[in-house]
Amino acid sequence: MGVFDDLVGQERAAVALRRAAEGAAEMLAGGSGAGMTHAWLFTGPPGSGREEAARAFAAALFCPDQGCGHCDMCHQVAIGSHPDLEVVRTEGLSYGIKETRQLILRAAGAPTLGRWRVVLFEGADRMPERASNALLKAIEEPPPKTVWLLCTPSPADLVITIRSRCRVVTLVTPPTAAVAHALVTRDNIPPDMAEFVARATQGHLARARRLALDPEMRARREAVLSIPRSLIGVGECVIAAERLVDTAKKEADAVSSALDEGETAELRKIYGEGSSGKGLNKGLIRGGAGAIKDLEKLQKSRATRTQRDVIDAALLDLVAFYRDVLAMQFGAHVELANEDRRADLEGLARSSGPEDTLRRIDAIMRCRERLAANVNPQMAVEAMTISLHRPRL
């Protein structure tokens with residue numbers, strides 16, 4: 001099975017990428033390289049598999065058979081050990097100018113194995129303007145064997161000067177049936193559970209897999225979807241907001257603490273803390289204190305990012321809930337993401353009108369925008385829950 005066969009529900013994109021990989025092989029052999037370029041932009045909604053598609057394309061560029069899926073090159077890409085592939089993950093709130101310049105310098109190097117040097121930038125939409133301008137220069141005049149793979153939810157997330165120089169690969173939300181089939185065949189998840197989580201996550205394969213395998217995640221989803229029914233007064237709105245934010249903070253702290261402790265211990269070890277022997281001491285050598293401070297800053301940013309991501313996932317679940325309510329109010333015959341909560345959906349559909357539901361959806365989307373603008377999470381979520389209770393205000 002080839003690397004592109006793993007792209008669930010993305011048949012059209014897989015065909016285009018396979019042809020481009022064939023063109024890349026022709027280019028290396030001195031041919032025209034039709035369909036190949038040095039800058040690519042992978043876009044699509046959450047769960048569409050942007051990073052997976054970019055990684056599959058990277059494997060196809062390295063592979064002698066353009067992505068066979070079983071050779072050493074494909075295997076190295078799959079496990080993250082290929083020397084010519086650099087994967088950039090933006091764990092903090094943004095990817096700064098300093099990091100971008102260092103990345104550009106690394107990308108300019110010649111490939112180790114003689115084919116391509118590929119940079120897969122998973123969070124390209126998190127670059128501020130100065131970092132984007134620095135990256136633009138590298139994309140305008142790339143080294144002959146350097147390929148940039150940028151991943152963003154939408155082309156509009158990048159400055160127009162960058163996206164105009166990239167070939168865009170547009171991914172779509174995978175069908176529920178395709179996601180459920182992948183969960184059954186790849187992860188041995190029971191068919192009923194696979195269908196439920198595929199529908200509940202609206203085709204988001206990674207979230208569907210976690211929802212199926214993690215009972216705590218299913219419990220958190222239930223708590224979020226019980227919010228609309230609980231908003232019977234302003235006091236309840238404040239309590240619901242506090243619980244949502246507190247749950248997100250606890251989850252972010254759990255994730256961060258698991259990573260922070262190991263990172264800090266490793267960095268202290270690198271800078272000589274606890275070393276023994278002639279000429280050494282048990283404290284940090286010169287430069288260690290500054291490195292520790294930089295790491296703590298990164299860890300704090302990552303914790304904030306994680307908390308926002310947890311809240312945002314909850315908000316998307318709420319959007320799906322009210323979208324189902326709206327579908328019922330209009331009598332639309334569509335698949336409901338929250339079929340398991342049909343009684344709640346029907347009750348809200350009867351007790352309110354489509355205008356109310358649209359206002360509620362707008363309130364959730366405003367909350368997402370405020371969180372992205374660094375508004376205090378408690379204040380942003382409280383404003384949202386009060387608007388959900390009183391949509392006409």
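Predicted model: local features only at pLDDT ≥ 70, side-chain atom pairs only at ≥ 80, totals over all residues.
Local features need pLDDT of at least 70, side-chain atom pairs count only at pLDDT 80 or more, and totals for chains, interfaces and linings use all residues. Residues are numbered from 1 along each chain as its sequence is written, and side-chain values use heavy atoms, with hydrogens and water left out.

Start with the domains. Domain 1 covers 10-170, domain 2 covers 176-213 and domain 3 covers 234-389. These bounds come from an automatic or database domain assignment.

Now take the interface of domain 2 with domain 3. Six residues of domain 2 are in contact with 10 residues of domain 3; contact means heavy atoms within 4.5 Å. The two domains bury about 640 Å² between them, with 42% of it on carbon and sulfur atoms. Buried area is the accessible area (1.4 Å probe) that two parts lose on being put together, summed over both. On the side of domain 2, Arg199, Gln202 and Arg207 lose the most area to domain 3. Together they account for 69% of what that side buries.

One salt bridge is counted between domain 2 and domain 3. The term means a side-chain nitrogen of Lys or Arg within 4 Å of a carboxyl oxygen of Asp or Glu. The side chains of Arg207 and Asp317 form a salt bridge at 3.3 Å, N to O. Three residue pairs, both at pLDDT 80 or more, are in polar contact between domain 2 and domain 3. A polar contact is a pair of N or O atoms within 3.5 Å; within protein, one must be able to donate a hydrogen and the other to accept it, and residues adjacent in sequence count only if both atoms are side-chain atoms. Helix H8 (residues 191-200) gives the most to the side of domain 2 that touches domain 3, with three residues. Helices (H or I, at least four residues) and strands (E, at least two) are DSSP runs, numbered from the N terminus.

Salt bridges in the structure come to 21 by this rule. In one of them, the side chains of Glu86 and Arg106 meet at 2.5 Å, N to O. This pair links distant parts of the chain: Glu86 is in strand S2 (residues 85-88) and Arg106 in helix H4 (residues 97-107), 20 residues apart.

Turn to the rings. The structure holds three aromatic pairs. Rings of Phe, Tyr and Trp (its six-membered ring) pair if their centres lie within 6.5 Å; planes under 30 degrees apart count as stacked, over 60 as edge-to-face and the rest as tilted. Phe42 and Phe57 make a tilted pair, 6.5 Å centre to centre, with 50° between the planes. Phe42 lies in strand S1 (residues 39-43) and Phe57 in helix H2 (residues 50-62), so the pair ties together parts that are 15 residues apart in sequence.

Next comes His38, in the loop between helix H1 (11-28) and S1. Its contacts, leaving aside neighbours within four places in sequence, include Trp116, Lys145 and Trp148. The His38 side chain reaches the backbone oxygen of Pro144 at 3.5 Å. His38 and Cys166 are 128 residues apart in sequence, yet 7.8 Å apart in space, C-alpha to C-alpha.

Finally, the backbone. Most residues other than glycine have a negative phi. Gln66 has a positive phi, near 55°, and is found in the loop between H2 and helix H3 (72-79). Asn188 also has a positive phi, of about 55°. Asn188 lies in the loop between helix H7 (176-187) and H8.
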